[in-house]
Amino acid sequence: VMGITWTGKEAVRLSLRPLMPMRPADTLTREHGAMMQKVTLRAGEVEVQPVSDLPAVVFRHSGVFMGSPDWWRKFEYLDDRGRYVDFQEDMWSPGIFELKLVPRQTEYLVVFVGRPPEGKPEDLVMEAAQHALAGDPGHHLPPEVRALSVATETFVLGDGEVIVAGYPWLDVWSRDWLLAFRGTFLVREQIERAQRSLQLLVAQLTDDFLPQRLTVPNALRTPCIDASLWLFHAVEGVLDCKEDAEFLGQMLPVLDRIFSRIESGEKNHAWLTSEGLLENAGTVPLTWMDAHVDGHGFTPRRGLAVELQALWYAATQSYARLLERAGRVERAAEARELGERTRLAFGRRFWSTSTNYPFDCVSGESEKGDSWEDATIRPNGLIAAAVAPELFESWQRLEILSRVEELLLTERGLRTLDPRSPV
């Protein structure tokens, strides 16, 4: 719903031309001959369906429509210039809407697909505003916190439990879902929504792991190791806010499956080494640095990735506390013992004396002749220290902060790689 209010002294006419690329969010359009140049006119409405396998788009207006279907060419996305090869796009337009604007009177253009919205445009605007304001936590908080709380809801889809990774083309990824989980639900004290969110997420468990992307068929899903480990923290976070034996009973079998799969040592996706560290390997990268083209990963990080060790250690501790809540003290002791093995092995293998920073990734076994260590400085060492500070001595944590501030910190966030690196 677009509302336009003219504040001048005399009436004017405003011309609006909709531009419609009508394409997937992650591609750009070039002029082509397949657009259906058909425009259907009704009283106060214009309907177009330029692409046959997409729904019709209806414009509801109070002015005059002048049909002139045509292509407008070479729009440039300047933010993408230099980052991507393609930054120009052609867009199709069905014509022009001309609205008469009277001083201090609002005219509306309503655009929709499918079922028409019920109610007057001004009522629809107020309804949307009230929905947004429902996310306002209150005047007692700083304006920045209130604005973030309201903005958060634009990333929550479905019936209010699915967290989308980002716009325009990122959809539902389990890693992003769980990273945003605490701020989206728990900090805002929306505990019941948090429970429903996790119940929905764990139903997607595939081959004993959460999948990276939930909008693809099961056969095409890739396991997301770090999201599977973040799940332990998320479940414990919900129960720390509100004790709920029924919810714990629903979540523990899922956590049992993930934990037992890793503990079993089955060398597929993620498993424990003889030292008690978490090794990963797959046809595509399985850490958050998962960019790849045609199956070739730019940063494979197969072996022992530093932040996965921290996530595994943290998962052992959360799992133990959850088991103790459920009265399963023997299994809790086993989980703590596995965590202690991880902590000791981590201390032996992950500190680089040459960089005074954790190794980013090391080989699965240290005793073999082909063992290796990657001392590249990336933000993963900082992530590990934040997730499981117990894995580091206090002086090591200070060194990590010092290296990050010196080599990775920028005004816009952290670099993913030390700029001095030859990689």
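Colleague: Arginine 104 lies in the loop between strand E7 (88-101) and strand E8 (106-113). Why does arginine 104 count as exposed?

Modeller: This is a predicted model, in which local features need pLDDT of at least 70 and side-chain atom pairs count only at pLDDT 80 or more, whereas totals for chains, interfaces and linings use all residues. Residues are numbered from 1 along each chain as its sequence is written, and side-chain values use heavy atoms, with hydrogens and water left out. Arginine 104 has a relative accessibility of 68%; the term exposed requires over 50%, buried under 20%, and partly exposed lies in between (1.4 Å probe, protein chains only). Arginine 104 is therefore exposed. The residue also has a positive phi of about 60°, although it is not a glycine.

Colleague: What makes methionine 22 partly exposed?

Modeller: The relative accessible area of methionine 22 is 22%, so the residue is partly exposed. Methionine 22 belongs to the loop between strand E2 (12-16) and strand E3 (39-42). Its phi is positive, about 55°, and it is not a glycine.

Colleague: How do you know whether glutamine 317 is buried or exposed?

Modeller: Glutamine 317 has a relative accessible area of 12%, so it is buried. This residue sits in helix H7 (residues 306-325); helices (H or I, at least four residues) and strands (E, at least two) are DSSP runs, numbered from the N terminus. Neighbours within four places in sequence aside, glutamine 317 is in contact with Arg336 and Gly339, contact being heavy atoms within 4.5 Å.

Colleague: Why are H7 and H8 called roughly antiparallel?

Modeller: The two helices pack at an angle of about 160°, with their axes 8 Å apart. Angles over 145 degrees count as roughly antiparallel, under 35 as roughly parallel, 65 to 115 as roughly perpendicular, and the rest as oblique. H7 and H8 are therefore roughly antiparallel to each other. Their contact includes Trp312, Gln317 and Leu323 of H7 and Arg336, Gly339 and Phe346 of H8, among others. By class, the residues of this contact are 10 nonpolar, five polar and five charged.

Colleague: What makes H6 oblique to H8?

Modeller: Helix H6 (residues 245-263) and helix H8 (residues 329-349) pack at an angle of about 50°, and their axes are 13 Å apart. H6 is therefore oblique to H8. Phe259, Ser260 and Glu263 of H6 make the contact with Arg331, Ala335 and Leu338 of H8. The classes in this contact are three nonpolar, one polar and two charged residues.

Colleague: How do you know that strand E11 pairs with strand E12?

Modeller: Pairing needs at least two DSSP bridges between the strands, and four bridges join E11 (residues 269-272) to E12 (residues 278-281), which run antiparallel. Tryptophan 271 stands opposite glutamate 279 in E12. The two strands form a hairpin with five residues between them, and glycine 276 in the turn has a positive phi of about 95°.

Colleague: What makes E15 and E19 edge strands?

Modeller: E15, E18 and E19 form an open sheet of three strands in the order E15-E18-E19, with antiparallel pairing. Strand E15 (304-305) and strand E19 (373-374) each pair on one side only, and they are the edge strands. Two bridges join strand E18 (residues 361-362) to E19. Valine 362 has glutamate 373 as its bridge partner in E19.

Definitions and conventions. Axes fitted to C-alpha atoms, helices over the stretch in contact; angles between N-to-C directions. Nonpolar A, V, L, I, M, F, W, Y, C, P; charged D, E, K, R; others polar.
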